[in-house]
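Subject: Structure for you to look at

Dear colleague,

Please find the structure below. My notes on it follow.

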Amino acid sequence: MICTVVGARPNFMKMAPVILELQRRGIAQTFVHTGQHYDAVMSDIFFAELGLPRPDIYLGVGSGSHAEQTARVMLAFEKVCLEHRPELVVVGGDVNSTLACALSAAKLCIPVAHLEAGLRSFDRSMPEEINRILTDHVSDLLFTSEPSGNENLHKEGVAWQKIHLVGNCMIDSLRTHLKRALERRPWTELGLQPGEFGLVTLHRPAAVDDPQTLEGLRQALREIAEFVPLLFPVHPRTRKCIEALGHDWTPVRLIDPLGYLEFLGLMAKAAVVLTDSGGIQEETTALRVPCVTLRSNTERPITVQVGSNRLAGTRRDGIVSAAREAVMRKAEEFLIPELWDGQAARRVVNIVQHWLLARQAA
Ligand code: UD1
């Protein structure tokens, strides 16, 4: 039996194609949701829209400090491993649930597969960077989404035979659902014209926790909203920081977090996307929509190499000029990375099946 794990919002679209492919092939699976994200808008809606089955096991760990959250997942997931003894645990991405489940399994000598392995920002102040490095080093199968992942892992001493460049599972979800997302025309009810608005997301501690940085971002976004209307679905953590700051964001339109299909439809028709998210850098790349990343580094360098993504940092002037330039750019200028073709999950499951057969034969 294979145990698949999700915990937080970006996990859902990365893991869904693998979970569904295992299901299609009739491979026994126990599907676990750690409950790191638990709100209807942060979790339930993604299950419905991505066609994910109900989790077999829900750990309900909720929010907390990094140590609390990671420890709670570890304790609960260790029990799952002891009871179900999976042949392989599959985790995705870089959230606290990813590391916690990988670590619990590895300590019980249960092999771990990591989806989206090898990405590195080389910035250890990001909690995700710690999660990436540690998860990779306790994993037995490392599935990478871009060539930089293979290079990084190789430099860190991970054996070549463990590393498999499979492409991007998050883009599998995008390709499956894009048509349905566009048919909904989410821009219409928001009174926006396709190609004539910008979309904003912000949630990383480095961007929103420090009032001075958040204030600089607010000023930059207000200035940009003077030449392109900006819609900003606000993550719950960011909502708290914005409320604490207490400043006016108009004309930037702040709304509640959106579901997968609504957000995907909007992203596909945006003139520019401004974000600190990792996944959105990839999704805009696949959609060939200009992305201005509100960070000074990225663990996804391919998105910059193919032309759609620009790193603008968190300072006002850099962001405003990057946005001015981005709205002038055309999709034809951008390339799509190799293997971001909607078939990544099939490659993952092919490799997993071979690997299991080889282990059983050994
Ligand atoms: C987590 C991931 C981050 C990912 C992001 C996507 C880690 C270290 N970080 O960050 O990599 O990009 O998810 O969203 O794992 N909250 C709610 N409802 C929820 C979930 C969270 O209100 O359903 C609020 C809580 O106040 C919580 C805060 O958001 O304290 C932060 O949630 P948490 O899971 O700790 O991290 P994220 O910032 O969401």
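Into which domains is the chain divided? Domain 1 covers 2-167 + 340-361, and domain 2 covers 176-333; these bounds come from an automatic or database domain assignment. The centres of domain 1 and domain 2, taken over C-alpha atoms, are 27 Å apart. Contact between them, meaning heavy atoms within 4.5 Å, involves 24 residues of domain 1 and 22 residues of domain 2.

On the basis of the values: this is a predicted model, in which local features need pLDDT of at least 70 and side-chain atom pairs count only at pLDDT 80 or more, while totals for chains, interfaces and linings use all residues. Residues are numbered from 1 along each chain as its sequence is written, and side-chain values use heavy atoms, with hydrogens and water left out.

Sheet

Helices (H or I, at least four residues) and strands (E, at least two) are DSSP runs, numbered from the N terminus. An open sheet is formed by seven strands with parallel pairing, in the order β3-β2-β1-β4-β5-β6-β7; two strands pair if DSSP finds at least two bridges between them. The edges are β3 (57-58) and β7 (163-165), each of which has a single partner strand, so one side of each is left without a neighbour in the sheet. Strands β5 (residues 112-117) and β6 (residues 141-144) run parallel and are joined by four bridges. In that pairing, Ala 113 stands opposite Leu 141 in β6.

Helix α16 lies across β1 (2-6), β4, β5, β6 and β7, and runs at about 165 degrees to β6. Axes here are lines fitted to C-alpha atoms, for helices over the stretch in contact, and angles run from 0 to 180 degrees between N-to-C directions.

Helix pair

The axes of α1 (residues 9-24) and α7 (residues 169-183) come within 7 Å and cross at roughly 80 degrees. The two helices are therefore roughly perpendicular to each other (65 to 115 degrees; under 35 counts as roughly parallel, over 145 as roughly antiparallel and the rest as oblique). On the α1 side the contact is made by Pro 10, Met 13, Lys 14, Ala 16, Pro 17 and Val 18, and on the α7 side by Cys 169, Met 170, Asp 172 and Ser 173. By class, this contact has seven nonpolar, one polar and two charged residues (Ala, Val, Leu, Ile, Met, Phe, Trp, Tyr, Cys and Pro count as nonpolar, Asp, Glu, Lys and Arg as charged, and the others, Gly among them, as polar).

Single residues

His 154 is found in helix α6 (residues 147-155). Its relative accessible area is 38%, which makes His 154 partly exposed (buried is under 20%, exposed over 50%, partly exposed in between, with a 1.4 Å probe and protein chains only). Not counting residues up to four places away in sequence, His 154 touches Trp 160 and Ile 163.

- Arg 85, not a glycine, has a positive phi of about 40 degrees. Arg 85 lies in the loop between α3 (66-84) and β4 (88-92) and is partly exposed at 47% relative accessible area.
- Leu 339 also has a positive phi, near 70 degrees. Leu 339 is in the loop between α15 (316-326) and α16 (344-361), and is partly exposed at 25%.
- Thr 250 and Pro 251 are joined by a cis peptide bond with omega of about 10 degrees. Pro 251 lies in the loop between α11 (236-245) and β10 (253-255).

Regards
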